[in-house]
Amino acid sequence: MGKITGFMDYDRKTSRETPPLDRIKNYREFHIPLSEEEQRKQGARCMDCGVPFCQSGMMMNGMVSGCPLNNLIPEWNDLIYTGNWSQAYNRLKRTNSFPEFTSRVCPAPCEAACTCGLHGDPVSIKENERAIIERAYEKGLAKAKPPAIRTGKKVAVIGSGPAGLAAADQLNKRGHTVTVFERSDRPGGLLMYGIPNMKLEKWVIERKIKIMEEEGVRFVTGADVGAAVKASKILKEYDRVILACGASNPRDIGVEGRDAKGIYFAVDYLKATTKSLLDSGLEDGNYISAKGKNVLVIGGGDTGNDCVGTAIRQGCASVVQLEMMPKPPVHRTENNTWPEWPKVLKVDYGQQEAEAVFGHDPRVYQTTVQSFLKDKEGKLTGAVIISLEPKADPATGRTQMVPVEGSAREIPADLVLIAAGFLGAQSYVAEAFGVELNPRTNVATEPGSYRTSAERVFTAGDMHRGQSLVVWAIREGREAAKAVDASLMGYTNLV
């Protein structure tokens with residue numbers, strides 16, 4: 001522990017943000033990092049707890065507490081304080097394949113479990129992580145390090161999202177020859193096209209992909225395995241296969257008027273915007289534009305917030321975001337104690353920007369869509385929304401959100417974006433490889449295993465566990481890599 005009184009001597013500080021009315025003029029990241037001196041003070045705030053909940057990755061009441069990657073957080077916080085950035089990078093990379101991603105997009109369950117947060121402000125772990133990895137790139141510490149020896153074994157990874165990339169990275173380090181197949185035109189999966197540029201600039205992904213290529217990983221884009229590329233061909237050419245295609249089936253809303261023109265899934269909206277931005281700086285017009293439109297976002301999670309932020313940058317006339325559940329409390333309730341994940345009100349960047357532009361938070365709680373309205377040509381003109389209230393189901397006793405009689409009302413809407421989550425793996429990939437699915441339509445494995453029902457085929461990430469966090473996908477990829485390595489070599493020394 002570098003400074004025994006650090007948590008008392010220094011207040012929590014994080015990177016400054018570009019003001020909302022300035023940052024909505026572009027799609028760039030808007031966080032301004034702390035100085036090295038200030039970042040070292042933030043490292044000093046870590047108490048090096050005897051029981052570091054921050055790195056536990058435990059499930060508590062269905063929610064994760066601490067880092068699922070079991071990052072060695074107290075160790076590298078202390079190394080930041082002492083200015084030993086090189087060793088801090090080594091300890092960070094020990095458990096995390098991609099800190100350049102998680103330090104930008106992870107919701108930081110580590111900070112929610114930080115002991116300093118019990119009676120004050122938690123350590124700025126996420127900021128510290130980003131400082132370590134970016135300094136590692138600046139100092140040449142994160143350069144390519146190809147394996148000295150190759151095993152002669154070949155592994156195909158289907159999907160280049162965080163799980164697929166993590167598996168490929170680990171197996172390549174072990175000396176196996178790895179090829180990653182991606183059906184889109186750029187590798188990165190949801191990192192590339194599911195997360196907006198202002199949240200994760202795509203040069204960050206491209207920088208890491210380039211290093212992985214220099215280390216020997218081969219990327220094949222535009223390869224839709226299970227459709228244009230036959231699964232039988234992959235199985236013939238490779239010793240093992242890892243399916244890491246994500247949870248790609250967006251949850252729909254089956255109400256009257258759903259066929260109106262102007263209703264899209266959020267994933268399609270966000271992907272089209274990012275692709276056009278990368279291809280032409282939005283000059284080609286090949287995206288769904290919210291310019292001058294009344295936008296209705298259905299869904300209150302991270303994806304819904306990303307839609308709000310994107311629509312504002314496109315110049316929408318208004319934006320409303322529907323949340324089915326009640327508005328969370330500002331502070332923890334008595335039945336949501338530390339170190340559980342805090343179920344409290346979160347105001348993300350999209351909501352901040354909506355407040356700056358329109359003067360109010362765009363979210364409407366305990367509300368859902370009853371029907372969509374359209375004109376004679378089938379074009380969307382509005383929506384009928386209805387309030388909800390929590391009531392216990394007489395049969396099960398479980399609380400359900402049910403419509404409030406007489407609360408239906410119309411609102412204008414020219415563009416609807418459905419951000420209601422995802423329902424599991426796309427069936428054509430599973431069928432092509434002959435793997436079984438579980439009742440949740442995820443690829444089935446034994447508990448704690450990554451081996452599927454098909455011989456030599458493994459799985460990882462959202463395709464395996466369902467829609468989840470990037471940090472969970474990275475852990476899944478690393479664990480699947482260990483299972484594949486053990487099956488090829490009879491043992492594994494991957495961590």
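Biologist: Let's start with R130: which side chain does R130 meet in a salt bridge?

Modeller: Keep in mind that this is a predicted model. The idea is to look for a Lys or Arg side-chain nitrogen within 4 Å of an Asp or Glu carboxyl oxygen. Here R130 pairs with E29, at 2.9 Å from N to O. This pair ties distant parts of the chain together: R130 belongs to helix α8, while E29 lies in the loop between α2 and β2, 101 residues apart.

Biologist: Are R130 and E29 buried or exposed?

Modeller: Both R130 and E29 are buried.

Biologist: What about R186, which residue does R186 form a salt bridge with?

Modeller: That one is D279, with the closest N and O atoms 2.8 Å apart. Again the pair links distant parts of the chain, 93 residues apart: R186 is in the loop between β6 and α10, and D279 is in helix α13. R186 has a relative accessible area of 17%, so R186 counts as buried. D279, at 39%, is partly exposed.

Biologist: Which residues do salt bridges with shared partners join into one network?

Modeller: Look for E29, R104, R130, E134 and R207.

Biologist: And how far apart are the closest N and O atoms of R23 and E17?

Modeller: They are 3.4 Å apart, and the two residues form a salt bridge. R23 is buried, at 2% relative accessible area, whereas E17 is partly exposed at 38%.

Biologist: How many salt bridges does the structure hold?

Modeller: There are 29.

Key
Residues are numbered from 1 along each chain as its sequence is written. This is a predicted model: local features need pLDDT of at least 70, side-chain atom pairs count only at pLDDT 80 or more; totals for chains, interfaces and linings use all residues. Side-chain values use heavy atoms; hydrogens and water are left out. Buried means under 20% relative accessible area, exposed over 50%, partly exposed in between (1.4 Å probe, protein chains only). Helices (H or I, at least four residues) and strands (E, at least two) are DSSP runs, numbered from the N terminus.
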